[in-house]
Amino acid sequence: METIFKQRIGFNGDLKEILKIICRDFNLGEFLNSEIILIGYEDLNFSLTTTNNKFFVKIYANFRTLDDCKRNTEIMVKALEAGVSIPKLYKSDQGYLHILKIGSSTLRMCVMDFIDGKDFFKSKAHITKRDQLFIANQASLINSINIKPKKVYDSWAITNFQLEFKKKSQYLDSDDLKLVEPLLEKFQNLEIETLPHCFVHGDIIRTNVIKDKDNNIWIVDFSVSNYYPRIQELAVLACDILFNKDNKEESEQNLKDALEEYQKTIRLTPREIESLPTYIKLAHAMHVLCATYEKKVRKNDSEENEYFLNIGKSGLRQMN
């Protein structure tokens, strides 16, 4: 298992030695222990315990450029400044982004507070109405951040549905293809480029929302944030955080309540409200399309991938 994660960062040595260097360079205290965090598809994430505290370490995947890594840390700084509930970032003498050259590897990383709690996917905890409304408010704060970062391609993003359908639809089962294919025309009719755009986290899902031991909510992982249609944030929320696969009426009520909370900060246009149901269908379709590809082509049989595949199918059936 450790070998697979090392491949993400292009490193074959002793991970413990890297973490000891991180302790020194970020002045975190003496190394005690660490654990790889298994959730997530791309970067290598650790919990790191020192004599001072417990920290979260992200070592960026080696496919990310230096600009990608700088972009990610700068976005987190902006989110903190905007009052978004994200973990505190730590600085080394290089700043928030730290570059470590060790042997033939160049590792790029950042360090944050470790939140003493679990994400909603790992905990399987019920997401209460209070939680949902707080997350909707957080989404509105994020969408109010006045930045337009350089585009990063996200194969799971709703805006890339048409491109990803061409690449991956061949792997869909016939029943799933019947659910997904009709959305091609609806996608084209949305004229996405003309919808109001803003800065969007784009991945506020159960794996990226943590509840701590004091019941505080934290939003993490801005690695696929982009300048997108504003309703993309809400559509992603609606296909997971607000979604009840067993109760259509509850899913609809959750979305209605979240929209009311969100619009206390940002008022959506009539066209955005009209387009949102189709956008939510597309969000479910992206889960089916991409999770199927992960399963069949990349042989990803993780619980996380299976979860998103199943809720994508359930969502499309529920909305139809």
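# Close-up views of a predicted model

View 1. L268 counts as buried at 6% relative accessibility. Buried means under 20% relative accessible area, exposed means over 50%, and partly exposed lies in between (1.4 Å probe, protein chains only). The model is predicted: local features need pLDDT of at least 70, side-chain atom pairs count only at pLDDT 80 or more, and totals for chains, interfaces and linings use all residues. Residues are numbered from 1 along each chain as its sequence is written, and side-chain values use heavy atoms, with hydrogens and water left out. The loop that holds L268 runs between α10 (248-262) and α11 (270-296). Helices (H or I, at least four residues) and strands (E, at least two) are DSSP runs, numbered from the N terminus. Leaving aside neighbours within four places in sequence, L268 is in contact with R230, L234, L259, Y262, Q263 and I273. Contact means heavy atoms within 4.5 Å. R230 is 38 residues from L268 along the chain, yet their C-alpha atoms are separated by 8.6 Å.

**View 2. T194 makes polar contacts from a loop.** T194 lies between α8 (183-190) and β8. T194 is partly exposed, with a relative accessible area of 45%. The side chains of T194 and R271 are joined by a polar contact of 2.9 Å. A polar contact is a pair of N or O atoms within 3.5 Å; within protein, one must be able to donate a hydrogen and the other to accept it, and residues adjacent in sequence count only if both atoms are side-chain atoms. A polar atom of the T194 side chain also lies 2.7 Å from the backbone oxygen of E191. P229 is 35 residues from T194 in sequence and 8.5 Å away in space, C-alpha to C-alpha.

**View 3. N45 is a buried polar residue in a strand.** Strand β2 (residues 44-50) contains N45. The relative accessible area of N45 is 9%, so N45 is buried. The N45 side chain meets that of K58 in a polar contact of 3.3 Å.

View 4. Helix α3 (residues 66-81) has 16 residues. From first C-alpha to last, α3 reaches 23 Å, close to the 22 Å expected at 1.5 Å a residue. The expected span is 1.5 Å times one less than the number of residues. Buried residues of α3 include C69, R71, N72 and T73, along with I75, M76, V77 and A79. The buried residues pack against β3 (54-59), β4 (89-90), β6, β8 (197-200) and β11 (226-229). Just after the helix, G83 takes a positive phi of about 85°.

View 5. Strand β5 (residues 98-102) pairs with strand β6 (residues 105-113) in the antiparallel sense over 5 bridges. Two strands pair if DSSP finds at least two bridges between them. K101 has T106 in β6 as its bridge partner. The hairpin has 2 residues between its strands, and G103 in the turn has a positive phi of about 60°.

View 6. Strand β9 (residues 209-212) is joined to β10 by 3 bridges. I210 has W218 in β10 as its bridge partner.

View 7. A disulfide is a pair of cysteine sulfur atoms within 2.5 Å. By this rule the model has 0 disulfides. C110 is in no disulfide; its nearest cysteine sulfur, that of C69, is 8.7 Å away. C110 is buried, with a relative accessible area of 0%. The closest cysteine sulfur to that of C239 is in C290, 11 Å away and too far for a bond. C239 counts as buried at 2% relative accessibility.
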